[in-house]
Amino acid sequence: MILDMSKAPEPGVAPTRAPRLFVAARALSWLSFLLVLVLSAGSCKKDDLAIATANRVDALADEIVTSATEGEGIDDAQLVFFVEAPELRVDMQELAVVYGSQRLDPQTAKQFDEIRGGAAEKVANLQIALQAEAKEDAAFAEKLDKLISDFNELAIMNQTPAPWETLTPWATLPQASTFAGSTDLLYLFIVGLSVFFFVLVMGVQGWFMWKYRRRSEDQKTSSISHNGKIEFLWSAIPAVLLVVIFIWGEVDYLKQTIPPPDAIQVRVTGRQWFWSVDYPDYPGVQFSSSTEDNAITMVVPKGRPVQLTMTSEDVLHDLYIPAFRVKRDVVPGRYTTLWFEASQVGEFNLYCAEYCGDQHSAMIGRIKVLEPENFVAYLSEAGKLKQEDGETPAQFGKRIYERRGCNACHSVDGSPKVGPSWKGLWARSESTDKGPVTVDANYISESIYEPNAKIVSGYEGVKMPSYKGQLDTTHISALIEYMKTLK
Amino acid sequence: MADDKSTHDSAHAREPSYLVAQKGLKSWLFTVDHKRLGLMYLGSTLLFFFIAGMSAILFRTELLTPEGDFIRRGLEMLGMLDPDKNPAIQSATVYNKLFTVHGAVMVFLVIIPSVPGALGNFLLPLMLGAKDVAFPRLNLLSFWVYTLGALFFIYTLFAGGLDTGWTFYTPYSSNFSGSAVISATFGAFILGFSSILTGLNFMVTIHKMRAPGMTWNRMPLFCWSIYATAVIQVLATPVLAITLLLLIVEKTLNVGIFDPAMGGDPVLFQHFFWFYSHPAVYIMILPGFGIISELIAVHSRKHIFGYKAIALSSVAIAIISFVVWGHHMFVSGQSELAGIVFSFLTFAVAVPTAIKVFSWVATLYKGSIQFNTPMLYGLMFLFTFSIGGLTGVFLGTLSVDVHLHDTYFVVAHFHYVMMGGTIIAFIGGLHHWWSKMTGREYNETHGKWGALLVFIGFNMTFFNQFVLGQQGMPRRYYTYVPQFQQQHVLSTVGSYILTVGLMWTAIYLLASLRKSAAPKEPIPDSPWGGASLEWTTQTPPIEHNFHGQPRVDTDPYNFPQIDRTGEVDHH
């Protein structure tokens, strides 16, 4: 039907490029078909292989330990490893991909981790068992270190998914809230419709391109210029489908905007460039993200609705938790709300999605979802900023520095950040816009509560938010103790 | 079949073209000839296209790795790092400035003026059978206002750059950014006037200067799309001007308008900004639609399918575009009701857009399709713009947008529309009318290779960004989670291929302008067999476009190859 051979090019007329284009289009569709095949093959369950391979790794660990401690020593152990490892590595690599995209049965994944973790530990323990020999012989120590690290690399193989894995939509993004399922379903519905219409339109285009390619200069063309019936159809059918999509999206969206009355209340404050989170029902509990690492920024229970009330101290931010499929701007001078119900225990990334300046991309945190029974316990343990038994005031101050986001703008090693470094700050004379000051307890306390009262020269453009109501005097004295240690 | 031989200029002896009719630099700088102004717009938009493209290549290279390293090392090598400040923050600022330059220059200095300024200026009077636009001096003023605005942007680059993103969102822009916000906003403010004046000029030209016999329904579709564009330019651009002025007032006089610290409202800024900038999206894409209508019809020698539907859908899009701005703000904190209304209206734009694509494909039916460079770009447009349009449906859908908003999905979507739509159409149009504009011919084989490279490079750069966004990669990120690296590498490699394709295109087009490349025989008036009026005049046209007043008794898609035998006259 597609190849109209009866209208082959007339002799003497240069062949056009259309056929080649057509062949290319066909090759492309075959390629995508193959890609789908590879993807489906790659997604087969690998649970049995995982356990078997982990056991083989464990057996290898035993063999290495035996050779190293009882047999011919470290060289023999190394030989055992070199003989056995390559084959195992192939399987482990394959598993790393499956594991990385969370396609192992959770129970299997746990067992897999336990066995291979145990194996790595067995080998690592050689360090202690052979301590005496390693101390005497540097070459021996080096060999031992190498063996342990090689084995570790094999057993705890990195879990980066393969390229085609990351190219598969949904492969790495968990559905961790009750909204995720329906958002994804609608997304896939639109993907399906789009692919259908795109293939249809491009197929028709490709067919026309082939069939009506110019064969001769005086080739006649049709006088068709319109057709009311078909024009009505191709306006009406998309219109109806679009209304369906609109209503579906609107219904889901409304669900996201009306929080249940029994939701756990969480307050979120966005600042350049960290989040701080506290819980009105659990006074004293506070978490902060940090530009330095992916700290736990929010803790919520699984299966309970949580409502966030958010505001910003400076510029626009936007709280985005991809695994939950939720996002909302955080606006200075306004409160915006967001609610969700986490449906999967674990840790998920939390981003700032509204451009907010220099360190926008470092405004990342982690949200931790716990079983409801562990939630309160975790909050009171981890959330509260209280000096612990056996903790010196300076150590406590360091903890406050890290947990309250001070580290977003102040370094402790003298390197410049948005604000002045704390290294050597204590008792130093600083010139400010209100004249020189000596950095003492009063100045520090004032700078934390009313940051813009006296601004250190060179930082005039920087607007530090006030910490009034967030840090009390015990916190501030601990911070001062910490500063004193930073000489 | 219409016989327009009577108006055919080839009956006359060849005269010097507009390019050589007057000589000297002054004859160019102060010309009121729409064709020369078109060429000058062409030169400047292409120059800015190059600048904005290069900044994109730099930040795409940075994104090869999750850490911030490329820019930092570059700054180190150039000795531009201030030792007293944190190097990571300094290089992050440079990254932010690069993507802002890319966005702001592409939008304000390239895409908005490209098709109307360059091709619109050159073609509109020719297509209408007029001697010039309605107000030639105003046209010259538009160009110089554009140049002044552009100078402000160039000044911004040298005065430390701009790091707010092209959207200038408050309060970051008004109170937190340490960069040259005022000069950049002032530049955009001035460019707005150029846009308004051009729009006004084109509207009057289309109303008053059409050749005798050229009814509204005998206008080439390019003119319809330019008309719809001009309406939006005149009505929407003043809002941007006022908004930017308010921003400058807030920043310089400390009057609280948008900054909550002074009692203002940052969401108000977004409403004002998108009230212009959403219609502006159609200022950018509608002229592209016009080009595609011409390319598809001429190179398949078929009467365009559904002329009225295409023409009126341009007008419908222009009207609806004014009431959909809120879809940029579904997660901004505007009311839920507003979100729902804007979502519904957004879907209303999808229908006329779909009608256009279907009509173009239907035009190919029973045509005589020639696969030369302009047509390859036309067909490429149908591919890339369809993807851009379909992915717009995802973003118009409320619940799905909540997840995709401000991620790479949005980046991919608007590049498929702006680059895959407008720029691809622009390049196609440039090839289509190249000989008419310059009197030169580019090498057809070189053109096809260029089109292939652009097609591969473009899709490789942007297609997987849909997946990136769906997996939760936010936009405007200097560093990112390592999980996304492979896709970023793919994108960056794609952007290199795209660059090679575009450079290649620039080179063979420029090469055709060399003295030694001058054609021995004059190029025919209508090398593709086009039937609209610009093809009836000499190539390149004489200074006054036509020898006499052309008359029109048929529509512009009445090609001699159309088989009228057996046609039932139902009029």
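Q: Two strands pair if DSSP finds at least two bridges between them. How many bridges join strand β1 (residues 264-271) of chain A to β2(A)?

A: In this predicted model, five bridges join β1(A) to β2(A), and the two strands run antiparallel. Pairing needs at least two bridges, so β1(A) and β2(A), with five, count as paired. Within β2(A), Phe274(A) is the residue opposite Arg271(A).

Q: What makes β1(A) and β2(A) a hairpin, and how many residues are between them?

A: The two strands form a hairpin with two residues between them. Their run is antiparallel.

Q: How do you know that β2(A) also pairs with strand β3 (residues 286-288) of chain A?

A: Three bridges join β2(A) to β3(A). The requirement is at least two, so this is a pair as well. These strands run antiparallel, and Ser276(A) has Ser288(A) in β3(A) as its bridge partner.

Q: Why is strand β2 (residues 274-278) of chain A called largely enclosed by the rest of the structure?

A: A residue is buried if 20 or more other C-beta atoms lie within 10 Å of its own. Four of the five residues of β2(A) are buried, so the strand is described as largely enclosed. For chain A as a whole, 34% of the 487 residues count as buried.

Q: Which strands are the edge strands of the five-stranded open sheet in chain A, and what makes them edges?

A: The order in this sheet is β4-β10-β9-β6-β7, with mixed pairing. The edges are β4 (296-301) and β7 (326-330) of chain A, as each pairs on one side only. On average, neighbouring strands are turned by 25° against each other, direction ignored.

Q: How do you know that β4(A) pairs with strand β10 (residues 365-370) of chain A?

A: Five bridges join β4(A) to β10(A). With at least two needed, the strands therefore pair. They run parallel, and Ile296(A) has Arg366(A) of β10(A) opposite.

Q: Why are α9(A) and α10(A) called roughly antiparallel?

A: Two packed helices are described by the angle between their axes and the distance between the axes. Helix α9 (residues 178-211) and helix α10 (residues 228-257) of chain A pack at about 165°, and their axes are 11 Å apart. Angles over 145 degrees count as roughly antiparallel, so that is the term for α9(A) and α10(A). Their crossing is left-handed.

Q: Which residues of α9(A) and α10(A) meet?

A: From α9(A) come Phe179(A), Ser182(A), Thr183(A), Leu186(A), Ile190(A) and Leu193(A); from α10(A) come Leu241(A), Ile245(A), Trp248(A), Gly249(A), Asp252(A) and Gln256(A). By class, seven are nonpolar, four polar and one charged.

Q: Why are α11(B) and α12(B) called roughly antiparallel?

A: The axis of α11(B) and that of helix α12 (residues 373-396) of chain B come within 10 Å and cross at roughly 160°. This angle is set against the cut-off of 145 degrees, and α11(B) and α12(B) are therefore roughly antiparallel. The crossing is left-handed. Residues of this contact include Phe347(B), Ala350(B) and Trp360(B) of α11(B), and Leu382(B), Gly389(B) and Val393(B) of α12(B). The classes are seven nonpolar, seven polar and no charged residues.

Q: Why are α9(B) and α11(B) called roughly parallel?

A: Helix α9 (residues 266-300) of chain B and α11(B) have axes that come within 9 Å and cross at roughly 15°. Angles under 35 degrees count as roughly parallel, so α9(B) and α11(B) receive that label. Here α9(B) passes α11(B) in a left-handed crossing. On the α9(B) side the contact is made by Phe289(B), Ile292(B), Ile296(B), Ala297(B) and Ser300(B), and on the α11(B) side by Lys356(B), Trp360(B) and Thr363(B). Five of these residues are nonpolar, two polar and one charged.

Q: How many residues of chain B are in contact with chain A, and what makes a contact?

A: Two residues are in contact if their C-beta atoms, placed from the backbone, lie within 7 Å. Under that cut-off, 85 residues of chain B are in contact with 80 residues of chain A. Helix α11 (residues 336-363) of chain B gives the most to the chain B side, with 13 residues. That side has 45 nonpolar, 29 polar and eleven charged residues.

Note on methods:
Residues are numbered from 1 along each chain as its sequence is written. Chains are lettered from A and ligands numbered from 1 in the order in which they are written. This is a predicted model: local features need pLDDT of at least 70, side-chain atom pairs count only at pLDDT 80 or more; totals for chains, interfaces and linings use all residues. Ala, Val, Leu, Ile, Met, Phe, Trp, Tyr, Cys and Pro count as nonpolar, Asp, Glu, Lys and Arg as charged, and the others, Gly among them, as polar. Axes are lines fitted to C-alpha atoms, for helices over the stretch in contact, and angles run from 0 to 180 degrees between N-to-C directions. Angles under 35 degrees count as roughly parallel, over 145 as roughly antiparallel, 65 to 115 as roughly perpendicular and the rest as oblique. A crossing is left-handed if the near helix is turned anticlockwise from the far one by less than a right angle, and right-handed if clockwise. A residue is buried if 20 or more other C-beta atoms lie within 10 Å of its own, exposed if 12 or fewer, and partly exposed in between; C-beta atoms are placed from the backbone.
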